[in-house]
Amino acid sequence: MLRELPPTAGLPLKLTDFFSPPRGRTLESAIAEYLHVRNVFITSSATAGIVIALLVMKEQSQRSTVVVPGYTCPLVAIAIHRAGLKIKPVDTAPDSFDFDLEKLKEACNEDTLCVIPTHLGGLCSRMNEVMEIARASGAFVLEDAAQSLGAKYKDQFVATIGDINVISLTRGKGLTIYEGGAITTNDDALAERLQATVTSISERSLIRELTQSLSLVGYWMLYNPVGLNIAYGAPLRQHLANGELEKAVGEDFSMAVPIECVSRFRKNIGVAAFSRLNENIRSNSARGRSRADQLAKIPGLKVLQEDANTDGTWPFIMILFSNNQLRDTVLNRLWTKGHGVTRLFLYELSRYAYLKNIIPHFDIPNAAAFSERMLTITNSEWLGDERFSQILNEINDCLKDG
């Protein structure tokens, strides 16, 4: 196998990105101008951004509980724990990654510091309803827009609606500086506290930053179908052969959350690549919608699509099967074929063994069913029509046989 597609439609870098002068722009100002948000802070990851945001919120309140969807990235739970707060997963709506709004109302109380809605796979959470419920209980809202830079909710960019918001600049998430994240807010008082916290707790490591910079060069070299066969495909197949699912999907996370400064060198590369972001999102969105429509015509398959008055960014397409046996049958046929078909988060939050000491058991059946029945298909520009047709055929055959 010589060609491997990435699981997400990341923005490839160009050699010229490493040498283009920023012409007075910073990555912070580029993001602020693009999103129409007043304050932007760059940090070492979206996870670090969540920690920083929660520490700032914690300064403003005696509350100690953070409410999250039952299906979300385990790093969100790790960040909450790192901030010294309690985690309360809330069940999702049926066949959705978003909150069950009635369950969210029940979960929010006088100890709720913050609610973290997640915009997953470039699709939007129902922010109006989430904001209303959080406000009714006196809680902050922290938007997790890690996977959704450029998505819009009712003509407003995500990562601008909550009190504080985070996006990811990590590889595969769209715009990338290899490892990185951004914190945004329109609240100037919170911005002052964010600036003070970022300054006081961010560490400087020359060796770590050199490693990140070299890794960014590696991303430029290897983020293509041939290079990904080496960097992504070969390790994936080895992990699957060994039964190491968490490693296969990149969820073998450490409980440590480095909070580090990001060099001007890497930020400037992000500024240079920013000029291609809008066109990348437009192309991804058109392709993603078209292919989601094709998938939705398959009987017995549910495809997650944009809600009314929202615009997604479509880094990948999420599809749901009627049961986990059918999902696993399709995965067994496609996961190792290099087509960019994979799983997202393996489990609902309460099922991860390494989180059992920080998350008490909660009954979240819809989140569990979502994790057991969902897989993702890359929306990369490198997934051509012929290869996509192969995926459609495999899914159709499995559903007929099942």
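This is a predicted model: local features need pLDDT of at least 70, side-chain atom pairs count only at pLDDT 80 or more; totals for chains, interfaces and linings use all residues.

Me: Which residues of α8 are buried?

Reply: Buried means under 20% relative accessible area. In α8 that holds for P225, G227, L228, N229, Y232, G233, L236 and L240.

Me: What covers the buried residues of α8?

Reply: The cover includes helices α7 (206-222) and α9 (245-248), along with strand β13 (341-342). Check what follows the helix too. After α8 comes G243, with a positive phi near 75°.

Me: How do I read a nonpolar core?

Reply: In soluble globular proteins, nonpolar side chains tend to be buried together. In this model the largest nonpolar core has 138 residues. Those with the most contacts inside it are I31, L54, L142, L295, I319 and I395. Helix α2 (residues 46-59) gives the most to this core, with eight residues.

Me: What does L54 touch, leaving out residues up to four places away in sequence?

Reply: Its partners are V66, A79, I80, A83, L85, L113, C114 and L142. L142 is also among the core residues with the most contacts.

Me: And the whole protein?

Reply: Count the elements, then check the size. There are 14 helices and 14 strands. The radius of gyration is 20 Å, close to the 21 Å from the globule rule for 402 residues, so the protein is as compact as a globular protein of that length. Buried residues make up 59% of the 402.

Key:
Residues are numbered from 1 along each chain as its sequence is written. Side-chain values use heavy atoms; hydrogens and water are left out. A nonpolar core is a set of buried Ala, Val, Leu, Ile, Met, Phe, Trp, Tyr and Cys residues joined through side-chain atoms within 4.5 Å. Buried means under 20% relative accessible area, exposed over 50%, partly exposed in between (1.4 Å probe, protein chains only). Helices (H or I, at least four residues) and strands (E, at least two) are DSSP runs, numbered from the N terminus. Contact means heavy atoms within 4.5 Å. The radius of gyration is taken over C-alpha atoms; the globule rule is 2.2 Å times the number of residues to the power 0.38.
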